[in-house]
Amino acid sequence: MKRNDITLHARHRDKLQALLAHPRGHEGAAYMLLGKSEIAQDPWDLEPRTRYTSYEVIAIPQEDRVDASDKHVTWNTNSFAQLCRRAKEEGLVPAIVHSHPGGFDGFSDQDDRNERDLFTMARNRNGEGTRLVSVVQVGDGLYRARVWEDDMTPLPCHRVTVIGTRLEIQSTDVPTPTETLARQALAFGPEVNGLLKQLSVAVVGCGGTGSPVIQLLARLGVGRIVVIDDDVVEHSNLNRLYGATRKDADHAVPKVDVMAREVTMMGLDVEIRSMNGWVDAPHIRDALKSCDVIFGCTDDHAGRLYLNRVAHFYLIPVIDVGLVLMPRDDGEPGLLEMAARVSVLFPTSACHGCRGTVDRVRAREEDLQRSDPAEYERQKTEAYVRGGGNPAPAVGTFTSEAATMAVNELLAGLVDFRGGGGWIWQRYRKLDKGFERSQAAQPRPDCPVCGSEEYWGLGDVVPFLDRIG
């Protein structure tokens, strides 16, 4: 059976709870429009999958409401027809949401009949291929969902995930805890290992920060990891590339293969897959869309901007890792700056562009260098683009410290061990000064990515991520 999942932005969950609340405990109802991402092949089980992402929550007009009690809610279908019209025009999926304040966990026979009628109405209006998603809020905050693709039997949603400053997973399949991680449960409670086991995580970039991130994720008990990189092991990598050997460098073994080999040898029941290629390659898309969290451990600006858009279109948090080791400019040994940065990218937080953590000119040059090397060399000769420059300093202890900061941010999103509400959107650690600070950059109103809600949760569009060229 094809897997279906739903991801709700926390702000949409909060709006739903407000719309569904009733002072006398009556059932409530609301609408949603959802983005859709079709995954032809999940990288782990190689099966198709569909992820639905919240795009907009819509109140049912007061004039359409008919009746409600603690056992039922009814409304006329005028506003539902308008919902279907918008869904078709905007390439979205209509959804109905209602509550079971008494705590009935599931869909009733009456729900079956009503939803079948609504699906038939939606299909008659919007044509073949129409889908209708139904979500029920059980009590104050438990969500169950299903998808109508025909008028026979709806397909269950295996999981509903709510993401804001926290990552909340509500699944029908809770894994059995293992003794291997028993001491971890002593630190964070018995639920954390089950949450980690359910996660699907991508690590983009398997170098100085990516390789320790992968090791840490595997030993934390993350259930499924996909590693993505286009590079091979070189001798200059061996001071910071976890698991790599001189033999790997001698034979130019792909970094992703080294990472997969090392995690498999741990024997910790982690499903790891390796994918060779640039992050924006078409064959990588399904892997990214299949993930709950993405770690951006690439040092190129083009890759960072790309993942920046993935976070917003697909409601997938990207934990981006940066490290600055800036050499002195007088020719003497030593460093002018030593700093690690971890940024969490997600709708409502500032994007890379608004934080100033990427250089858009360099990103365009990097794209040109990969897509048209001859043109890049011509423009470099004529000083339209910058040259490659000298290799940056690299120290394994510092790359590992940045990686630890990043993985701890994932833990903060799961268990809020700091007590501050979840992850911190951006952290800087001055490695030479021994202090850390957080940064709260705000989205710019004119930013096309984070300054407008147009892309948030939109899912699949053509061209991919609405990128031209």
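Visitor: What should I keep in mind about the model and the numbering?
Guide: This is a predicted model, in which local features need pLDDT of at least 70 and side-chain atom pairs count only at pLDDT 80 or more, while totals for chains, interfaces and linings use all residues. Residues are numbered from 1 along each chain as its sequence is written, and side-chain values use heavy atoms, with hydrogens and water left out.

Visitor: How do α6 and α14 cross, then?
Guide: The axes of helix α6 (residues 210-220) and helix α14 (residues 396-415) come within 8 Å and cross at roughly 40°. Helices here are DSSP runs of H or I with at least four residues, strands are runs of E with at least two, and both are numbered from the N terminus. Axes are lines fitted to C-alpha atoms, for helices over the stretch in contact, and angles run from 0 to 180 degrees between N-to-C directions.

Visitor: What do you call that orientation of α6 and α14?
Guide: The two are therefore oblique to each other, given that angles under 35 degrees count as roughly parallel, over 145 as roughly antiparallel, 65 to 115 as roughly perpendicular and the rest as oblique. α6 passes α14 in a right-handed crossing, where right-handed means that the near helix is turned clockwise from the far one by less than a right angle, and left-handed that it is turned anticlockwise.

Visitor: Which residues make that contact?
Guide: On the α6 side they are P212, V213, L216, L217 and L220, and these meet T399, S400, A403, T404, V407, L410 and L411 of α14, with contact meaning heavy atoms within 4.5 Å. By class, the contact of α6 with α14 has nine nonpolar, three polar and no charged residues. For these classes, Ala, Val, Leu, Ile, Met, Phe, Trp, Tyr, Cys and Pro count as nonpolar, Asp, Glu, Lys and Arg as charged, and the others, Gly among them, as polar.

Visitor: And α6 with α8, parallel or perpendicular?
Guide: α6 and α8 pack at an angle of about 25°, with their axes 10 Å apart, and they are therefore roughly parallel to each other. Their crossing is right-handed. The contact is made by S211, I214, Q215, A218 and R219 of α6 together with M259, E262, V263 and M266 of α8, and its residues divide into five nonpolar, two polar and two charged.

Visitor: What about α2 and α3?
Guide: Helix α2 (residues 78-90) and helix α3 (residues 109-126) pack at an angle of about 45°, with their axes 10 Å apart, which makes α2 oblique to α3. α2 passes α3 in a right-handed crossing. F80, A81, C84, R85 and K88 in α2 meet L118, M121, A122, R125 and N126 in α3, and the residues of this contact divide into six nonpolar, one polar and three charged.

Visitor: Is C84 buried or exposed?
Guide: At 1% relative accessibility, C84 counts as buried, a label for values under 20% relative accessible area, with exposed being over 50% and partly exposed in between (1.4 Å probe, protein chains only). Leaving aside residues up to four places away in sequence, C84 touches A122, R125 and N126.

Visitor: Switching topic, how many aromatic pairs are there?
Guide: The count comes to seven aromatic pairs, where rings of Phe, Tyr and Trp (its six-membered ring) pair if their centres lie within 6.5 Å, and planes under 30 degrees apart count as stacked, over 60 as edge-to-face and the rest as tilted. The rings of F188 and F417 have their centres 6.1 Å apart and their planes at 50°, so the pair is tilted. F188 lies in helix α4 (residues 182-188) and F417 in the loop between α14 and β18 (426-430), so the pair ties together parts that are 229 residues apart in sequence. Elsewhere, ring pairs link Y31, W75 and F80 into a cluster.

Visitor: How accessible are F188 and F417?
Guide: F188 counts as partly exposed at 30% relative accessibility, and F417 is partly exposed too, with a relative accessible area of 39%.
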